[in-house]
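Visitor: I have a model open and want to learn how to read it. Where do we begin?

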Amino acid sequence: MSNKVVILSDSTCDLGEELLKKYNIHIIPLHVNFDDESYLDGIEIQLEDLYKKVEEKKKLPTTSAASYGEMKDFFKKYLDEGYDIVYTGISSKMSATFNVACSVREDLDKERIFLVDSGNLSTGIGLVLLKAATFRDQGLSAKEIAQKLEEIVPRVKSQFVIDTLEYLYKGGRCSSVAYVFSKVLKVKPLIVVREKTMQVGAKFIGSITKSQKGMTNMFLKDFPNIDKEFVFITHTLAYDGAKYIKSLISNVSDEIENLYETIAGCGIGSHCGKNTIGILYIMKDEIVKKQENVV
């Protein structure tokens, strides 16, 4: 008989306290740093606090991974309680966190710790975690859950419309030319996750509302081919945008088993700025396989 299983992640999964509790998922916080001040994401600092500090200090924070010691203590606690661990967190190409987890696994117990690189961020990770919780509740072993998650990871679609390039520009993630042009032409980029990194997937010209509609139309086009168990609308305090997107998908929302709205944490909030909003979902397995077979 296999050991009981615990599902672990980091604070960038953006599930929020209520969903973490509902699905019995535990997280380790990343660090949010303003000069010599360091805060634990989601514990010592929330998104609203972060934006207030940015206004006060006139500069963006940096974020950093959990340390080796923090991750080791985090994993060891559950191993000592008799759990096998399934961990998935922020993409290995976006943070050192996953590599830290790999080092800890080598030193603790390779037979009882199973790591899955989500290749994603925010509730793109959250989708994988909720699937993991479902498999755990079905009685699967940690190894079986990890194997199933590896199959799901490539099918996750994450995209966010960004209202302003200011945060990406200040954070060194977009050029001054792109920043100036975006202000002049009112370009709203659609940020997507591809090959484990954030990339520009499309550029909408006009208001943020028009851009939100464009992103939602992409979701509706995909809708017949999505896994309808979980869908997320995740945002950086863009409450009006969330309400608008929900109205646009009202004709199909009854078909979604669990449609969740969540507030992003300081990780994505510090990189993308206020009024960023995304729709995140999983494509059906057979659709992805069919696309892979097209030459």
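Guide: With S122, which counts as buried at 2% relative accessibility. Buried means under 20% relative accessible area, exposed over 50%, partly exposed in between (1.4 Å probe, protein chains only). This is a predicted model: local features need pLDDT of at least 70, side-chain atom pairs count only at pLDDT 80 or more, and totals for chains, interfaces and linings use all residues. Residues are numbered from 1 along each chain as its sequence is written, and side-chain values use heavy atoms, leaving out hydrogens and water.

Visitor: Where does S122 lie?

Guide: Helices (H or I, at least four residues) and strands (E, at least two) are DSSP runs, numbered from the N terminus. S122 sits in the loop between β7 (113-117) and α5 (123-137). Its phi is near 55°, a positive value in a residue other than glycine.

Visitor: And D35, is that residue buried or exposed?

Guide: D35 is exposed, at 55% relative accessibility. Its phi is also near 55°. The loop holding D35 runs between β3 (31-34) and β4 (37-40).

Visitor: What does T88 touch?

Guide: Contact means heavy atoms within 4.5 Å. Not counting residues up to four places away in sequence, T88 touches several residues, including L8, D10, S118 and L129. T88 belongs to strand β6 (residues 83-89) and is buried, with a relative accessible area of 1%.

Visitor: How much of the protein is buried?

Guide: Buried residues make up 53% of its 295 residues. The protein has 12 helices and 13 strands.
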